Structures are given as structure tokens and as C-alpha cells.
Amino acid sequence: MTTVTRRNVLKGGTALAGGMAGILASGRAPAFAQGTTVHWLRWNDFVPASDQLLRKELIPAAEKALGIKINLETVNGNDLQPRVTASVQSGSGPDLIMVFNNQSALYAESVVDLSDLAEEVSNREGGLYKYSRAVTSDGKKFNSMPWTIVGAMNAYRKSWFEEIGVTKFPETWDAYYDAGKKLKAKGRPLGQAVSHSFGDPPTFVYPLMWSYGGKEVEADGKTVAINSKNTVESVKFMTSFYKDTCDEGGLAWDDTSNNRAFLSQTISSTLNGASIYIESLRNPDKYITEKGAQLKTDILHAPLPKGPQGQFGLHTFFSHMLMSYSPNQKAAKDLLRWVHTPANYEKWFISQKGFATPPTAQWENHELWGADAVMDPFKVAGKLGQAPGYAGPAGKKAAEVLTKYIIVDMYAKAIQGASAEDAVKWAEDELKKIYT
Amino acid sequence: MAIAETRIYMPGAPRPRLRLLEDERWLAFVLLVPTLALLGMFIAYPFVRGILLSVTNARVGVPGEFVGLANFYKIFNDGIFRTSVYNTFVYTGVTTVFKLALGLWLAMLLNRNFRGKAFTRAFILLPFIIPTVLSTFAWKWMFDPTFSVLNWLLYHLGLITGRINWLGDPDLAMISIIIVNIWRGVPFFAISLLAGLQTISPELSEAAAIDGAKPLQRFWYITWPLLLPVTMVVVLFSVIQTFADFQIVYVMTGGGPANATHLFATYAYQIGIGTGILSEGAAISLAMFPVLFLVVIIQLLYIRRVEVR
């Protein structure tokens, strides 16, 4: 048996302290020599079948083809940004990180330019949409590689709308308001999250503001323009729209809440990706309407209604950043190139069943779109989307406005009782801090 | 050192470095080093780094330049920050009063003899033992706007006709997080105060009873003064923890609806880590330091006075 003496303990302690000092001095976690492992961080897909496809089929195939190990980690979408911050600041973390919308502009100094890969895919696939470029590139550098667009459309209950005499989804906000009021009176409200969650809240309020002629900033990207009669009108509309037509729990909803509410049949319509419909297809016998029919047969999709100044859409954009701290940049880029190869990307695209619209034009012609008429409206989401930050560029400042949820909170404040003028004034003050 | 190097050592003799440790003063220092290193790494370093960050315009991935007190000026003019300050005081104040009252009551009950005492004492600790994030998720479901079991219960008991929008209404959301904090904090008060109660000799109370003191008088003139030092320490700990609370609010409301339930910590996190404006986030979290420092000084002075008395 070894005797533990005071001296031995002290020697050990000194060695340990020296080791820690070494780690602290180098400012980097110790790297262990082994085969290259690419750490890929993504969200928990709202279409779980796609995550399964990645884990079971695509990743093993990529590992074999590229001779690397791949560590796929999935987290709640709202946790991606905090992970980016922590990784960039500590100089270590995932090699590839998924981000939403124009968020990669916030991290421009910490990512590798992916222009060559983006142009390669663009040339091969009929061109990247204008929207895809606007949210991932500043014109000189691609801060992230466009991955997909989750189109935001209203999923609505056909039969419930018919019961109040509406046979076609309302085309204007006023008509939608009238229908919603009747539906709420029957205990079947509309559902809309107006909270700090990355997807549904912004995809509703930005287009609403635009459709009334409101905008956060002028085209110069400096002059804050939100405090206009048009924005105030849109806020006033939202206040009564929310009170008279919506499930008022929406102020505390996140992106999953309306899916649950729709599937449990407590709301009649909600702006969402196609995940509700896809879930009803996946489990047709689990979701049965009050008339005994399968819920999937009673769901249709339609774009957000028109306002006085037009009809708009903001669709959640997904892209991957290659982090400049990564010691495996080549392997990580090879992996990105591999998953963007049409044959591989197509498998993933098909598993999404239309939830995801690819960022390039060629995929509009894919046979998947013809297979189910209910999914048809999503086909052109990428072509029609407008980037956050309008009328200015969708860069760093617009991303800060979006991630601080200033436009969302402007509407939420009014719903909670502030006057429309005060809510808009508050947003104007917040925007000025960012833009000027 | 020059002298030491010229000495000739017998083979096998201990080296001078280790001989130094035979000196108790050096040994004491060496033994303190791990604690100092830990405190330095996990408390002093982050604190100093926080101060340095707060006087720059650093963002994630960008070191930034010195901007003086601009960040503090900015946050003091920020409506959401002011709401967070107000919320933090209300949250800490209300929960501490309730936790103390309920905890003391529970401690007094547990201090009596009854069947199943050990089991009950262990059971009471449950809210404190379960990881906060897990239990808060359960509460989040109970307060869910659409699927709240509390609403279901109240509705079926005939107490409400509509739905209570627990987390969607700013005031109710604040009340909800306060309820969860109290639920989580009461066991800590109860068990700590129970430990304090058990150090008080029952003879004192018995003697007072013989002298004709009523239960309330026995509590007020005997138990309470003797329990005060423990109570103050427990309140001190609780105030510090509650003031800097993060998990409950982050999980339940994320600071919403529309920033109505942000506390210092959650707002600092949203700005610093969420949006990546590290400098402003650091300024927000540092802004709570003077308040906490003052609370600690006042309470420690008071504890000392009580102990001296």
C-alpha cells in the first residue's frame, strides 16, 4: 500500500495548480490529438423525422465519405444564440452553428467567409433567392451558409371557417378580423404568440407593420422611421384584433405553443410553419375532429392577409455559421459542402415534407411540391419573403432590433394596455439607440 | 539563493524548497493557495472582468474600446432596465417576507413532537432538493395559458368561469414567479430556523410558562430574540440569492410578457448573452452590486450588534 504523506499531497497539488495555470495562460481548453471531429450544433427540428434522418443515415454516410467523426448536437432554437455568445467568447465550441434569420450579421467578426460555397451552390441550383442573400451576406462576405427557409403561413380549420360562412381564407386584415371575431365568439379563437420567441412572433408582426406601410428605418439604414401614422394604425389594429379574435394566452406562448393549441383543437387558425399539418399527417389517428374526421383533412394553408399598403411575409431563415475559432475549419466546410450536394440535401428536404423551402430557385420544381396541394403555398416562401430591417439593409443593426424583440414588444405593450402612440414612441426610442 | 546554491547536500537530504514548507507560516500560506486560487478564478476574476467589460463597448467577438460610463448612462435611461430594478425589489421583498413567515411557522410546527416527524421533515425539503429548472418546468406547465391544471381545477370547482391568463398578464406573471420562488425557498427557511429552534433550551419556555406567560408572549420574549441571529443570517442568504435569481424567471416567462417580469439577472443575460452586447450586459449585472453590498453591510452590522448584545 502506498503511504500518503503530506509532501506527496503538496507535490500533487503543485502539479495540479501548474496544469491549471497552463490552461489559463493559453486561454484555450486542452486539445487532444485524435481523428478530426466536427461538432455541429442545430436546433431540435420541428419535424423530428429529419433529425432522425440526419443521425441514422446522413451523418454516418458523411463520416464514411469524409473520413471524419461528426458530433451532432441539437438544442431548443431559442438557446442557439446564447451558445454562440458563449462559444465565441471562450474561443471554443461547435465548429458549425445554426442561426436564424439575419443573426449571423451579429457575429460577422467571428465567422469564416463562406462566399465560395454559397456561390457554388447558387450557380448549381438556379440562384440563391434575393432574400437568402439579404439575410446571410453583407454584399462582400457570406457570414453564414444559407440552409433553408421555413415558410410562415396560416394553418386554419376549413370546416370551422365554413361554419361561420367563410369559404375562402380572408384576404384582408379587416376580413380576417371579422371572421376571427365570430370564431372567438364560438370558443374557437385565432392563436398568435406575441412573445420573445424566434419564429412565430416576428413572422406575424413584421408583415403586419409592413402591410400598413410601417417600417423601422429608411433605406439609408440610419433614419429611424417607425413613428409614423401607418405604424400607429397597425398597432391600433393589432390591439383590437388580439382582444377580439385571439386566444389571449399568446402573450406567454413560444413557438411550440400554437402547435399544441391547434392540435388539441382549441384554436381555429395560427401563423406557423407547416409543422402542425405535418404532425397531423404523421399521426392521422391521434388527431380526430369533433365530427370524427381525421384532423389532417380539415387543415389548409394561406398567406397572411393584405393591409392597406400591400401583402407581405417574413419567413424564418436558417443558415450555418463556420466559426473562425474552429481548429477543424476545413473538415467542417467539407461537411457543409457534402450536405449541400443535391443528392444528400434532397433526402433531408424530402424528410421535411415541405416544412422547409430550400434557399435556391431550382427546388421550386421538385416533385414534392406537386404531391400535396395543401403544402403548395409554401413552395414560393423564399421568393416572396421580405427581410427584417426593411426599408434598410438586413444587417447587424436590423439583427439587433430583431433579437431584442423591439417590434414584437411594441405590439405586446399595446395589447397590454399602453396606447398605440406610446408603444410606437417607445419602439422609436429603442430603435434610435441602435441605428444612430 | 547564491548561498544556498553553494551548499553541499548529503545524498537523500530534502531539498530546500520542501524544507521551507516545514515552516508553519509557509505551510499555512500553501494550504490557503487552493482556496485563494478558486476564489480568484471564480469570483475575483469574473468580477474584475465584468467591470472591465462594462466600461467598453465590447460585443460578442469584438473586444471593444474604452467608453467610460456610457453603458451605465444608457441603462439608467432604459425603461426596461428601470422595470427590472423595480421588479427585482418587489420580487425580493415580497418573497422574503412570505418565505420568512411561512418558514418560521413551518419550523415551529416541525419542532413539536408528532408521529412521522422524521419523514415529514425530509418531505418538506423536496422543493429545495429538486433541481430548480425541473420543478420550474412543472410550474410552467401548471401556469400554461392553454393547458393550466390550476385553471382546470379552479374551473371544475366552480371558482372561475373563464381562464386565468397566468403568464400572459404582466401582473399575474409577476405573481406566478413570486409564488414559485416562495414555494422553492420556504424549506430552506424552515430547516435553517428549525436548527436554530433546537438550540433553544425548552426549559426557558417551560419556566416562562410556569410564570404565567401565554404562548404568544413566550414566542415574542423568548423564542424570537434567541432565534434572531439565525434568522438574520438566513434572511441575508435568501436576499442575496433572490436578488440575483435567474432560473425561475428564465424558465417561466423569459422576462416576458413584453419584458414585464425581467429581473437584473435575466435582463443582463438577454442583452449580454442573447443579443451579444457583452458590455451593456455587464453594466446591468454590475448595477445590482452596490445594492447587494449595502444589504450585506447593513445585515452584517445588525448581526454583530445582536451577537454582542
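How many residues of chain A are in contact with chain B, and how many residues of chain B are in contact with chain A?

Reply: In this predicted model, the contact between the two chains brings together 33 residues of chain A and 27 residues of chain B. On the chain A side, at least two residues each are supplied by helix 1 (6-26), helix 3 (80-90), helix 10 (257-263), helix 16 (396-403) and helix 17 (406-415), and the largest share, 5 residues, comes from helix 3 of chain A. By residue class, the side of chain A that touches chain B divides into 12 nonpolar, 13 polar and 8 charged residues.

As for the chain that carries this surface, chain A has 18 helices and 10 strands, and its radius of gyration of 24 Å is close to the 22 Å that the globule rule gives for 436 residues, so chain A is as compact as a globular protein of that length. Its C-alpha atoms fill a box of roughly 85 × 50 × 50 Å along the principal axes, and 52% of the 436 residues of chain A count as buried. Among contacts in chain A between residues at least 6 apart in sequence, 76% join residues at least 24 apart.

The contact between them takes 4 residues from domain 1 of chain B and 6 residues from domain 2 of chain B, and on the domain 1 side the residues divide into 2 nonpolar, 2 polar and no charged.

How values were computed. Residues are numbered from 1 along each chain as its sequence is written. Chains are lettered from A and ligands numbered from 1 in the order in which they are written. This is a predicted model: local features need pLDDT of at least 70, side-chain atom pairs count only at pLDDT 80 or more; totals for chains, interfaces and linings use all residues. Two residues are in contact if their C-beta atoms, placed from the backbone, lie within 7 Å. Helices (H or I, at least four residues) and strands (E, at least two) are DSSP runs, numbered from the N terminus. Ala, Val, Leu, Ile, Met, Phe, Trp, Tyr, Cys and Pro count as nonpolar, Asp, Glu, Lys and Arg as charged, and the others, Gly among them, as polar. The radius of gyration is taken over C-alpha atoms; the globule rule is 2.2 Å times the number of residues to the power 0.38. A residue is buried if 20 or more other C-beta atoms lie within 10 Å of its own, exposed if 12 or fewer, and partly exposed in between; C-beta atoms are placed from the backbone.
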